[in-house]
Amino acid sequence: MNDCELNIQNLTKCFEKGTANEKVALDHLNLMVPAGQFVTVLGTNGSGKSTLFNAILGKLRPDEGTILLGGEDITRQKDYKRALNIGCLYQNPLRGTAPDMTIEENLALAYTRKSSRSFFAVNRRDSAYFRELLATLNMGL
């Protein structure tokens with residue numbers, strides 16, 4: 001599924017609905033990311049960025065809407081099944097990234113999580129794959 005697009009349709013998530021603390025984090029959000037595109041999501045604190053990513057990752061279930069990956073509806077798919085096709089590395093070094101490692105080595109952290117639970121090692125095939133992906137972003141290792 002490496003060449004698939006992400007298509008989010010009418011995604012809605014409300015926390016503590018019906019209470020004084022009700023917070024609409026996503027309000028019928030639509031987003032289409034074509035295959036091969038690099039997208040940045042910007043917003044202030046509380047704007048719904050983390051909620052969006054947690055919905056995509058399957059860590060929380062939206063109230064409404066659909067999440068399609070490569071045309072497949074993954075909206076209700078379990079997070080561990082999505083992890084075979086979606087990787088996430090957090091910016092916080094305590095949660096997954098290693099600032100003293102190269103971009104390639106950080107990519108390997110997410111990439112190898114789907115295939116094994118062991119500590120990673122970058123092999124030649126994976127290294128070539130990462131370099132090919134990074135070349136599309138005009139980034140060197």
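Residues are numbered from 1 along each chain as its sequence is written, and side-chain values use heavy atoms, leaving out hydrogens and water. In this predicted model, local features need pLDDT of at least 70 and side-chain atom pairs count only at pLDDT 80 or more, while totals for chains, interfaces and linings use all residues.

**View 1. The fold of the protein chain.** Here you can find four helices and four strands, in the order β-β-α-β-β-α-α-α along the sequence. Both are DSSP runs numbered from the N terminus: helices (H or I) have at least four residues, strands (E) at least two.

**View 2. The largest nonpolar core.** Such a core is a set of buried Ala, Val, Leu, Ile, Met, Phe, Trp, Tyr and Cys residues joined through side-chain atoms within 4.5 Å. This one has 14 residues, and among those touching the most other members are Leu-6, Leu-52 and Ile-67. Helix H1 (49-57) is one of the elements giving two or more residues; its four residues are the largest share.

**View 3. Around Ile-67.** Beyond its neighbours within four places in sequence, Ile-67 is in contact with residues including Leu-11, Ile-56 and Arg-82. Contact means heavy atoms within 4.5 Å.

View 4. The side chains of Asp-63 and Lys-13 meet at 3.7 Å, N to O. A salt bridge needs a side-chain nitrogen of Lys or Arg within 4 Å of a carboxyl oxygen of Asp or Glu. Lys-13 is buried at 13% relative accessible area, whereas Asp-63 is partly exposed at 37%. Buried means under 20%, exposed over 50%, and partly exposed in between (1.4 Å probe, protein chains only).
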